[in-house]
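Here are my notes on this one, written as numbered points. Have the structure open while you read.

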Amino acid sequence: MVTVSSWLRSPCPALVVDAVGAVHGMNDAARTLFPDQVLPPDWRHGESVHVAERSYAAHRVDNEDGSVTWWLLDETDLLLERDRAALLARMSSELMTSLNPERCMNVVAELAAEHLADEAVVIAPPSGNGHPITRCLRGGTPTYELQRVDVEEVVGLSEALRGFPPVPSRWIDPAAAPGWLAQDVVSIVVTPLPGHGVPAGALILIRRDKQFTEAEEAFARLFASRAGVAISAASLFTQQASITERLTRSLLPPALHRYEHVELAGRYRASGDTERVGGDFYDVHALPDDQLFVLFGDVCGKGLDAAVQTGRVRTAVHALLQVVTDHDQVLHALNQALLTTDESRFITTVVGTISPEAGGLRVRLTSGGHLPPLVVRTNGEVEAARNKGTLVGILPKILTETDEVVLAPGDSLLLYTDGITEAHGGPLGDEEFGEDRLRRALTACGGMPAEALVEHVHMLASQWVGGGEHDDMAVVAITAPRRRPS
């Protein structure tokens, strides 16, 4: 049972309203809250009452004599924490909308300026010629720049950039803030942005009208912890994307062009519409006496694993050509190299040496189990090279067969993978494109430049498969120019 004295000494403000609605009693806490005369309260049970910048929940208790006691329960801190939790959730959602580090820094600065300070500055660790810095005024637009600054001029900034705990704002003299940071400052908060294993940078909050409270600094650290994770994730994603792009570029076939005596052109299409690399490959190496060494082939399988094997093949052949250019020796050495790496990834390949000859070209071809190249004459005649061989990278010894093809001016030699001839499509979607259809199409390509020839073959195969599934496709044309460039 609550006694009169305990009621009066309760830290919770309480007012007693008699039966006619007049306030005739308050405890000490209520008198402190309402120092002046209090009009009869017009409250409803459970509603929030705002007094002296604080929020109270009004609770009504009916007494036996007809009077009512109103208890005011302070809920300011509870509401503040609830609002901050909702704000953090919304901030986290906005922070994770971008995987671009610059955009992420802009979002962090904008959110911090809007909800935590008059101005926010986000500084990332040094990169190249300075620190990436984003600034934002409340209600303004973030600005991003790479700037050379002395982080030692701001107390706690160099430590924050190394991931050490923040320095309390009361330890930072606003008057000592350097000109590159801000002017007319009343209070500064410097807090680290923790990332994935390494610091993502530092957040500087600036106020020009009042000091930061300890609760505000604690909330700023909580925000910074989430912002740091977002910036770090964006930086990690960008770094991995850059590495992937570089590795992918190294696995793609090279861009072919016209040499002094030879026209070369190639087209490549991976099996997956969202993939850039696959198991088909080609490469060209310059040899002495204006000769060119051409490597062309297909790795068993497709996708990234097959693309990795194409990289091994191209690298191995590039190294072998520094000491030997004989076709048989190159293919036998390549066979041994593949047997020691991955026996499940055998290849079919054809290598060729192109030599200028009397206004045309002589091409020496050696096959390692690949489809015979097709010769397209200027009059539209199509013939296959006479060379065969065994697969490379599956047996201890391989058999190879070499043929020589002479190309007159305007003639072309077409190298292609089975992704062209085995492409399924057509009217019903289940018919192979086939070598016969390819040969018939090439009869209309006599005298075509190398670029036009490979584009035509690639277009025919792509139209044949339509939107259906297909294997990797690669095609290379070697053409003897009609006239030698001056």
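**Notes on the helices and the sheet**

1. Helix 7 covers residues 304-320, 17 residues in all, and spans 24 Å from first to last C-alpha, close to the 24 Å expected at 1.5 Å a residue. (Expected span is 1.5 Å times one less than the number of residues; helices are DSSP runs of H or I with at least four residues, strands are E runs of at least two, and both are numbered from the N terminus.)

2. A quick word on the source: this is a predicted model, where local features need pLDDT of at least 70 and side-chain atom pairs pLDDT 80 or more, while totals for chains, interfaces and linings use all residues. Residues count from 1 along each chain as its sequence is written, and side-chain values use heavy atoms, leaving out hydrogens and water.

3. Now look at the sheet: five strands, open, in the order 8-7-6-10-9, with antiparallel pairing (pairing takes at least two DSSP bridges between two strands). Strand 8 (143-147) and strand 9 (187-193) are at the edges with a single partner strand each, so one side of each has no neighbour in the sheet. From one strand to the next, the twist averages 20°.

4. Strand 7 (residues 131-137) pairs with strand 8 over five bridges, antiparallel. Find Ile-133: opposite it, in strand 8, stands Glu-145.

5. Helix 4 (residues 101-115) packs on the sheet, touching strands including strand 6 (119-123) and strand 10 (201-207), and its direction makes about 35° with that of strand 7. (Contact means heavy atoms within 4.5 Å; axes are lines fitted to C-alpha atoms, for helices over the stretch in contact, with angles from 0 to 180 degrees between N-to-C directions.) Helix 6 lies across strand 6, strand 9 and strand 10, at about 40° to strand 9.
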